[in-house]
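Visitor: I'd like to go through this model with you, please.
Guide: Happy to, here it is.

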Amino acid sequence: MQKDLKKKYRVNEQIKAKEVRLIGPDGKQIGIVSLTEALRYAEDYGLDLVEIAPTANPPVCKIMDFGEFLYQEAKKAKEAKKKQVQIETKEIKLSPKTDKHDLEVKIKHIIRFLEDKNKVKVRIVFKGREIAHPEMADKVLLAILEAVKDKAQVESPPKLEGKQLITILAPLVKK
């Protein structure tokens, strides 16, 4: 991660501009000075000259400890990554002939997945000639939707894909 940040910023002799807007180590603006003068300032403080805004005219440079700056930037990036939420899609597989008790168990799993803020893909698989009676699968799906109506919303409506009836449920977003 720090290698990416090193490539992002120019330091000391890597800076190409003739003049730079210089900011001191205390954060106060020194003004527009030549690059050699800015490098001399940085050397006097025992710190690095870092190009902060290369697109500005003239480029903005700050006198700072570059190693510490890279460390702080990496720390911020790591903290931001920690706060990201990963949403997974869990899958529940059923058949149109799933018994009542087995269906209750599957519904409990669906509710648990939804409470964990995951999406749930409900897949009802037809075997053999079961495809001739899609109303059986509809009955199973209605039972599931009725059981989770206060915890989930239908993200994609039920659709038949080959010998499978598929729907996706998403957790309800509380406002």
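Visitor: Is Arg112 buried or exposed, or partly exposed?
Guide: Arg112 counts as partly exposed because its relative accessibility is 42%. Buried is under 20% relative accessible area, exposed is over 50%, and partly exposed is in between, with a 1.4 Å probe and protein chains only. Keep in mind that this is a predicted model, where local features need pLDDT of at least 70, side-chain atom pairs count only at pLDDT 80 or more, and totals for chains, interfaces and linings use all residues. Residues are numbered from 1 along each chain as its sequence is written, and side-chain values use heavy atoms, without hydrogens and water.

Visitor: Which helix is Arg112 in?
Guide: Helix α4, which spans residues 100–115. Helices (H or I, at least four residues) and strands (E, at least two) are DSSP runs numbered from the N terminus.

Visitor: What separates the C-alpha atoms of Arg112 and Tyr9?
Guide: A distance of 46 Å, for two residues that are 103 residues apart along the chain.

Visitor: Back to α4, then. Which sheet order goes with β5, β6, β7 and β8?
Guide: Those four strands form an open sheet in the order β5-β6-β8-β7, and the pairing is mixed. Strands pair if DSSP finds at least two bridges between them. At the edges are β5 (89–94) and β7 (152–161), each pairing on one side only. On average, neighbouring strands here are turned by 15° against each other, direction ignored. Such angles run from 0 to 180 degrees between N-to-C directions of lines fitted to C-alpha atoms, for helices over the stretch in contact. Helix α4 packs on this sheet, touching β5, β6, β7 and β8, and its direction makes about 175° with that of β5. Contact here means heavy atoms within 4.5 Å.

Visitor: How many bridges join β6 to β8?
Guide: Six, and β6 (residues 119–125) runs antiparallel to β8 (residues 164–171). Ile124, for instance, has Leu165 as its bridge partner in β8. By contrast, β5 and β6 pair in the parallel sense, over six bridges, and Thr89 stands opposite Lys119 in β6.

Visitor: What about α5, which strands does it lie across?
Guide: Helix α5 (residues 134–147) lies across β5, β6, β7 and β8, and it runs at about 5° to β8.

Visitor: New topic: what is the strand order in the sheet with β1 to β4?
Guide: The order is β2-β1-β4-β3, an open sheet of four strands with mixed pairing. Its edge strands are β2 (29–34) and β3, each of which pairs on one side only. From one strand to the next, the twist averages 35°. Strands β1 (residues 19–23) and β4 (residues 60–64) pair in the parallel sense over three bridges, and Ile23 has Lys62 as its bridge partner in β4.

Visitor: Which residues of α2 are buried?
Guide: Leu35, Ala38, Leu39 and Ala42. They lie on the same side of α2 because they cover an arc of only 100° around the axis, taking the directions from the helix axis to the C-beta atoms. The exposed residues Thr36, Arg40 and Asp44 are on the other side of α2.

Visitor: And what covers the buried residues?
Guide: The cover includes β1, β2, β3 and β4. Helix α2 (residues 35–45) lies across these strands and runs at about 130° to β2. After α2 comes Gly46, with a positive phi near 75°.

Visitor: Where is Asn12 found?
Guide: In the loop between α1 (2–8) and β1. With a relative accessible area of 18%, Asn12 is buried. Beyond residues up to four places away in sequence, Asn12 touches Leu39, Asp48 and Leu49. A polar atom of the Asn12 side chain lies 2.7 Å from the backbone nitrogen of Leu49.

Visitor: Asp48 came up there. Which residues is Asp48 in contact with?
Guide: Leaving aside neighbours within four places in sequence, the contacts of Asp48 include Val11, Asn12, Ala42, Lys62 and Phe66. The Asp48 side chain reaches the backbone nitrogen of Phe66 at 3.1 Å. A polar contact is a pair of N or O atoms within 3.5 Å; within protein, one must be able to donate a hydrogen and the other to accept it, and residues adjacent in sequence count only if both atoms are side-chain atoms. Asp48 lies in strand β3 and, at 21% relative accessibility, counts as partly exposed.

Visitor: Is Glu51 buried or exposed?
Guide: Glu51 counts as buried, because its relative accessibility is 4%. Glu51 is in β3 (residues 48–53), and its contacts beyond four places in sequence include Tyr9, Arg10 and Cys61.
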